[in-house]
Amino acid sequence: MATPLSPQSGSPLSALKTIAVVGLGTMGTGITEVLAKAGREVIGIDISETQTARTVAALESATARAVERGRLTEQERAGVLARVRTSTDLRAAADADLVIEVAPESYEVKHQIFRELDGIVRPETILATGTNALSVTRLAADSARPERVLGLHFFNPAQAMKLVEVVSSVLTAPQAVAAVTDLAIELGKEPVAVGDRPGFVADGLLFGYLNQAAAMYEARYASREDIDAAMRLGCGLPMGPLALLDLIGVDTARTVLDAMYAESRDRLHAPAPILKQLSEAGLTGRKAGRGFYTYEAPGSATVVPDALTPAADGARTAGRPVRSVGVAGSGTMASGIAEVFAKAGYDVVLAARSEEKAQTAKARIGKSLARSVDKGRLTAEAAAQTLDRITPAGSYEAFADVDLAVEAVAEDLEVKRQLFQALDKVCKPGAVLATTTSSLPVVACARATSRPQDVIGMHFFNPAPAMKLVEVVRTVLTADDVHATVREVCAKVRKHAVDCGDRAGFIVNALLFPYLNNAVKMVQDHYATLDDIDAAMKLGGGYPMGPFELLDVVGLDVSLAIEKVLHREFRDPGLAPAPLLEHLVAAGCLGRKTGRGFREYARR
């Protein structure tokens with residue numbers, strides 16, 4: 001189980017003064033810099049003289065930049081560089097209090113290092129592995145000092161990422177854990193103690209999600225660009241999953257997933273075949289200059305066009321003219337979508353089941369626009385003009401002349417089908433009919449009309465005025481010019497459109513909710529706490545919110561409904577909703593809206 005850690009009263013501070021780092025790749029170099037800046041004597045060891053030279057050069061460059069930015073003085077820089085020495089001989093670790101191994105993810109390589117270290121270091125020296133995929137217990141059991149072996153998993157880049165996972169095996173002595181925990185805190189990191197299972201907390205959740213994204217791309221459900229943009233813009237992630245796989249290394253990801261699958265037997269962890277194909281072809285990501293994307297040069301972060309880069313929009317079919325838009329619904333999403341269209345200059349008919357509900361929705365838009373004026377994002381004149389473009393209506397008959405009708409009513413298939421039947425009768429020939437569903441089949445809405453070719457999905461994200469993403473969902477019946485129309489409209493309202501087919505979850509929810517479900521399973525299995533998991537994903541993965549914060553915001557009932565839809569669609573046992581989530585929903589603990597979900601909230 002994961003536990004929050006604090007300095008141990010019985011453990012002397014700075015006990016680990018001399019530290020050897022074995023393996024001077026990107027991670028080893030980063031850890032070396034962190035340790036040296038924190039005043040530790042560091043011995044950097046790598047079998048390659050070229051690599052040790054690169055590490056020294058990287059440290060010189062990084063510290064020079066720090067001086068330029070006023071973060072270090074020249075004297076402090078000289079001290080940092082003086083505290084680091086390098087070697088190609090493992091015997092240089094003889095005087096180390098702690099050895100951190102960050103060699104390639106291979107049992108054979110790591111076992112050899114640990115066996116050699118057993119004959120080199122002092123009896124009290126702690127041996128830490130930086131693995132994120134292999135069993136710490138297995139490595140410890142092969143050592144002559146299993147009680148002194150543990151995992152110390154930094155995140156890349158080690159200089160910036162705050163999270164460190166401290167991994168104990170059943171053999172690890174508590175004193176070793178305490179000493180390494182104190183070190184992590186002194187380095188300015190936030191350590192979390194976890195048990196020994198592949199992926200630990202952060203990668204245990206992250207790599208399942210990355211694997212699903214790779215499988216989605218392999219199935220040609222969406223382009224690599226659209227998958228990455230969807231997760232960045234729809235979830236606020238710093239990188240899309242395929243770009244992140246290229247950064248991590250496709251081969252590394254495959255190794256981690258193999259280890260996770262060997263333990264879990266969860267099909268969500270079985271490496272997508274494309275990971276094997278790319279790895280065996282040497283297309284391992286940025287380090288090779290090519291992975292899911294093509295890069296300017298090996299090691300470069302600059303993506304360059306290749307044969308898979310989408311053609312410019314100019315090659316698309318022309319869309320239908322859209323001058324006026326109808327928005328059906330009176331809730332938060334309908335109001336937000338109406339505001340988006342009106343701000344972009346469209347005349348908007350906002351129709352609800354009654355005139356009163358429509359007027360209330362327009363008033364909500366007025367308040368939203370007023371907030372934008374207060375924050376200086378909009379002039380009072382522009383806000384007034386936007387509001388004037390919106391006409392509230394108590395009947396869908398008002399949609400008779402609209403060019404685009406957007407449905408944003410309750411997420412209930414029968415309700416939506418009835419609405420589309422009504423729109424079919426009311427809207428003029430050639431009008432585009434769009435649903436904002438996030439989980440229901442768009443084709444079911446289309447089949448409720450006599451013009452299924454005119455029906456498409458436009459999945460906005462909440463809050464619609466702020467969120468840039470729209471998932472454009474084509475059914476097998478959607479006409480090309482209808483798809484082109486919606487793409488053009490998205491551009492005019494300054495939204496980023498991504499294309500996907502009509503299947504449960506589309507891009508974002510199909511990748512997001514299995515990750516959330518796996519986080520619930522982690523708590524359910526008593527492997528980690530809510531707080532540790534949330535901290536791990538924010539500090540180790542760069543997520544804007546932890547999974548339990550997000551679940552409570554979205555609503556546990558909404559989350560459960562989406563997970564059930566995904567499970568029904570894909571029939572994968574790994575997608576079955578976690579029983580803990582079902583129990584909380586049954587108990588009425590639905591998140592912030594009820595005052596209690598995974599956490600308790602003050603009543604408003």
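My entries follow, grouped by topic.

**Before starting.** I kept in mind that this is a predicted model.

**Salt bridges.** I looked up the total and found 27 salt bridges in the structure. I then picked out a few pairs.

I started with Lys-110 and Glu-101, whose closest N and O atoms are 2.3 Å apart. Both partners are buried.

Next I looked at Arg-267 and Asp-572, whose side chains meet in a salt bridge at 3.9 Å, N to O. Arg-267 sits in the loop between helix H10 (250-264) and helix H11 (273-280), and Asp-572 in the loop between helix H21 (556-570) and H22, so this pair ties together parts that are 305 residues apart in sequence. I also asked myself: is Arg-267 buried or exposed? Arg-267 counts as exposed because its relative accessibility is 52%, and the cut-off is over 50%. Asp-572, at 8%, is buried.

Asp-557 is partly exposed at 27% relative accessible area, whereas Lys-593 is exposed at 51%.

I also noted a network of salt bridges that links Asp-97, Arg-122 and Glu-124.

**A positive patch.** Which residues form a positive surface patch? I found Arg-364, Lys-367, Arg-371, Lys-375 and Arg-377. I followed up on Lys-375, which lies in the loop between helix H13 (355-374) and helix H14 (380-388). Lys-375 is exposed, with a relative accessibility of 55%.

**Strand E7.** I checked residues 149-154 and found 6 of the 6 buried, so strand E7 is largely enclosed by the rest of the structure. In a regular strand, side chains alternate between the two faces of the sheet. Here Val-149, Gly-151 and His-153 point one way, while Leu-150, Leu-152 and Phe-154 point the other. Strand E6 (residues 126-129) runs parallel to E7 and is joined to it by 3 bridges. I noted that Leu-127 has Val-149 in E7 as its bridge partner.

**Helix H22.** I looked up two residues here. Leu-581 lies in this helix, which spans residues 579-586, and is buried at 0% relative accessible area. His-583 is also found in H22, but is exposed at 55%. For a distance check, I took the C-alpha atoms of His-583 and Arg-451: they are 132 residues apart along the chain and separated by 42 Å.

How values were computed. Residues numbered from 1 in each chain as written. Predicted model: local features only at pLDDT ≥ 70, side-chain atom pairs only at ≥ 80, totals over all residues. Heavy atoms only, no water. Patch = residues over 30% accessible without salt bridge, like charges linked within 9 Å, V, L, I, M, F, W, Y side chains within 5 Å. Areas by Shrake-Rupley, 256 points an atom, 1.4 Å probe, with all protein chains shown as cover. Salt bridge = Lys/Arg side-chain N within 4 Å of Asp/Glu carboxyl O. Lys, Arg positive; Asp, Glu negative; His and termini not counted. Charge placed at Lys NZ, Arg CZ, Asp CG, Glu CD. Helix = DSSP H or I, 4+ residues; strand = E, 2+ residues; numbered from the N terminus. Buried < 20%, exposed > 50% of the residue type's maximum accessible area, 1.4 Å probe, protein only. Pairing = 2+ DSSP bridges.
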